[in-house]
Amino acid sequence: MNRSPIPLLVLTLAPALLGLAVFRAYPIGLALYESLYTTIGGERVFAGFDNYLMLLTDVGFWKSLRVTLWFNLIINPLQVALALALALVFVQKLPGMAFFRLLFLIPIGISLPVAVIIWRIVLLPEGFLNGALGIVGLGPYRFLTSPDFALYSIIAIATWKGISYWMIFLVGGLQNIPPEINEAARLEGASPWQRLWLITLPLLRPTLLFVLVADITINFLLFAPVFMLTGGGPRGSTNVLMYEAYKSGFVFGDMGRAMAIVVCLVALLLVIVAIQFRLLSSAPKEAK
Amino acid sequence: MTRLPMLTTALALGLTATAHAETTLTVLMIEGLDKGAMEAVAAQYMREHTDVKVEIQSLPWNQFFQVSEMRLKSKDAAVDLIYTDAPVVASYAANGYILPFDAAIADDAKAKLVAPSVATGTYDGKLYSLPMNSSAQVLYYNADLLKAAGVTPPKGLTRDSITKPDAIAQLATGDRWTFEQVAEAAKAVSGDEGGKGKPWGFAFEQFAELYQLQPLGASLGSELISTDAKTADGYLNGDAWTKAATWWSDLFNKANVSPRSLGFGEAAQMFTNGQLAMFVGGTWNVPAVAKSSINFGIAPHPKFADGKAATPTGSWYLSVTKASPDTAAATDFAKYAALSDEGTDVWFKTLNQLPTTNRLLDQINADPAFDAFPANVMRLSAWESRNTAAPRPVTVAFSQLQDAFRTAFTDIANGVAVDEALGTAVDAYNEAAARLNRK
């Protein structure tokens with residue numbers, strides 16, 4: 001019975017492809033389409049690339065783009081590095097590890113809005129953190145309302161929430177590395193650092209690539225903490241593009257501009273992801 | 001076959017209902033007391049117009065703007081009249097959601113209503129919305145806290161005060177405190193403790209909001225934006241607003257006498273708890289303040305020493321939607337509610353908010369029923385609404401202006417330099433105005 005596998009393939013892939021089409025391709029297509037229209041005097045009119053051209057001279061957009069890039073430049077390396085460090089600790093067979101594993105996993109179980117509300121209570125001027133700092137004679141600091149702190153507070157919250165999630169993928173990747181390779185290197189006299197740099201990390205590359213791409217995507221689209229804690233302020237220091245687009249579309253009813261911003265964001269992400277794929281998926285030189 | 005008779009009865013009932021009420025008008029508005037007042041007006045109207053049925057539909061405050069905008073945008077024919085917040089009149093008009101009233105009604109409105117209220121309902125030279133009521137702000141002070149700090153409290157209305165019309169005029173013209181006095185008194189009360197140990201000195205009820213703070217610049221003679229609404233450059237970042245914003249900045253960054261943000265209703269709560277010595281807030285706080293054990297007084301809204309008195313104003317309007325199937329009937333109801341003696345009487349008696357008709361304002365001024373506290377606060381408000389009210393600017397980009405303003409004044413309170421914050425707000429407004437005024 002040599003039946004063609006294609007019907008089965010289609011059947012099994014259909015739910016995933018349908019989801020991809022409905023929840024990914026359709027919104028992107030819609031955003032592209034809507035970004036070519038604008039509303040003037042209550043009438044929806046075709047605007048061509050006007051929305052994009054206006055963004056070129058739009059001070060608010062460029063400021064917001066700078067904030068988004070700076071935010072991502074800090075948060076992504078930080079999250080991936082911390083997630084990797086956690087993952088390396090996670091796989092060690094040390095006494096009491098079960099307890100620490102449980103601790104690491106707690107942030108995953110808390111929904112982002114709930115986490116944000118809890119962090120708000122911690123970071124308020126009269127909050128827990130300032131209380132603790134006050135005991136040693138520091139502060140009080142305005143973590144959420146000072147232009148010098150606000151973005152870093154958001155980074156801290158998003159990192160706290162994010163790293164254990166990425167850690168799980170990296171733990172999976174680490175456990176896929178055959179223990180014999182490390183074992184052999186250890187017998188050859190390689191130091192732990194050498195084993196990390198020369199064996200673990202190169203073999204972890206596919207997992208790292210996935211984590212990096214997925215993490216960057218999520219952080220470029222981060223919205224909830226900004227929406228709930230700072231509203232883009234102070235001094236626009238937390239006004240990432242997602243928030244700028246949200247405000248434009250849903251607060252000011254300027255959907256054309258909002259969609260143009262979203263499309264720029266998607267384009268930017270595609271470029272960054274493409275670069276990452278090139279950099280990380282090329283085979284290690286030593287192996288050739 | 002028990003269904004058939006029921007159906008016939010239902011049909012018959014339906015027919016009688018339509019025979020009685022030929023037109024059904026739906027008013028979409030916010031939940032709460034306003035809805036009750038509109039129901040009272042509608043009941044009165046239906047007694048006089050038996051062929052019209054007026055239904056009031058309401059939405060909670062936090063959904064009102066988004067849902068009503070959606071329904072207007074989708075040309076929902078089930079909404080004939082829309083309760084309209086003063087600042088969105090221009091945007092509704094520019095987007096073609098609402099219809100202008102004819103010249104006869106506009107003239108009637110000009111004759112019967114106070115000018116700032118008509119101005120806010122007017123866009124592009126046409127009257128689009130009729131004001132239902134107005135609002136006023138006053139300075140609440142805790143006499144005991146001020147005296148304990150060695151400050152003589154301002155003259156104002158107190159629990160036992162009886163205030164004749166000429167006394168109100170004297171209070172508003174001769175005895176009005178300046179913002180400089182307010183800041184000094186606040187410093188005396190709170191030291192530089194920043195609300196720890198000692199009470200806070202002073203706060204505005206609506207932190208950093210345009211409605212609340214517009215009088216700062218208006219007192220120094222400046223508008224927020226140009227008359228053609230195209231730019232805020234030279235206005236919001238001009239000398240007057242820079243001075244006003246510096247005074248605001250000093251409250252937080254130099255004197256440290258005012259809390260850096262306040263939630264809804266928090267100022268009144270802190271005041272009635274004795275944690276706040278003075279606040280500028282709406283007259284809607286009078287019942288709560290009067291019920292407290294605080295030895296309070298109510299003084300006119302402050303002004304700058306070298307400026308003129310200016311006070312916040314404006315509240316809700318009523319507009320006829322373009323999608324209404326019977327705009328003539330809807331217009332007639334709007335006219336009844338906002339301009340007729342019967343309609344405005346019922347509205348005022350039910351809601352007890354500052355009216356916009358000269359007739360009712362005259363009545364508040366002359367009627368001895370308004371001599372005693374707390375009715376004399378209404379008399380003070382009536383005086384302000386005729387003499388010092390500074391309406392919010394009419395612009396299609398009002399939400400952007402409001403947002404830019406709020407951001408700037410929040411940032412300034414948080415230590416951002418005044419020029420930088422105001423400059424950013426001007427850029428944001430100009431950008432939006434340029435986009436929305438494309439033709």
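Predicted model: local features only at pLDDT ≥ 70, side-chain atom pairs only at ≥ 80, totals over all residues.

Reader: Ok, and which residue in β9(B) does F202(B) stand opposite?
Author: That would be M278(B).

Reader: What sheet are those two strands part of, and in what order do its strands come?
Author: An open sheet of four strands in chain B, ordered β8-β9-β7-β10, and the pairing is mixed. The edges are β8 (200-204) and β10 (296-300) of chain B, each of which pairs on one side only. From one strand to the next the twist averages 20°.

Reader: Which helix lies across β8 and β9 of chain B?
Author: Helix α9 of chain B, residues 179-190, and its direction is at about 140° to β8(B).

Reader: Switching topic: β11 of chain B. Why would one call it largely enclosed?
Author: Strand β11 covers residues 316-320 of chain B, and five of those five residues are buried, so the rest of the structure largely encloses it. Buried here means that at least 20 other C-beta atoms lie within 10 Å of the residue's own.

Reader: Which way do the side chains go there?
Author: W316(B), L318(B) and V320(B) point one way from β11(B), while Y317(B) and S319(B) point the other way, and all are buried. As a general point, side chains in a regular strand alternate between the two faces of the sheet.

Reader: And which strands pair with β11(B)?
Author: One is strand β3 of chain B (residues 81-85), antiparallel to β11(B) over five bridges. Another is strand β6 of chain B, residues 130-131, also antiparallel, with two bridges.

Reader: What stands opposite Y317(B) in those strands?
Author: On the β3(B) side of things, T84(B) stands opposite Y317(B). P131(B) stands opposite Y317(B) too.

Reader: Nice. Now chain A: what domains does the assignment give?
Author: The domain assignment has domain 1 at 1-34 and domain 2 at 49-287. Their C-alpha centres lie 29 Å apart.

Reader: How many residues are in contact between domain 1 and domain 2 of chain A?
Author: Four residues of domain 1 of chain A are in contact with six of domain 2 of chain A. On the domain 1 side, that's three nonpolar residues, one charged and no polar ones.

Key: Residues numbered from 1 in each chain as written. Chains lettered and ligands numbered in written order. Domains from an automatic or database assignment. Contact = placed C-beta atoms within 7 Å. Nonpolar A, V, L, I, M, F, W, Y, C, P; charged D, E, K, R; others polar. Pairing = 2+ DSSP bridges. Axes fitted to C-alpha atoms, helices over the stretch in contact; angles between N-to-C directions. Buried ≥ 20, exposed ≤ 12 C-beta atoms within 10 Å, placed from the backbone.
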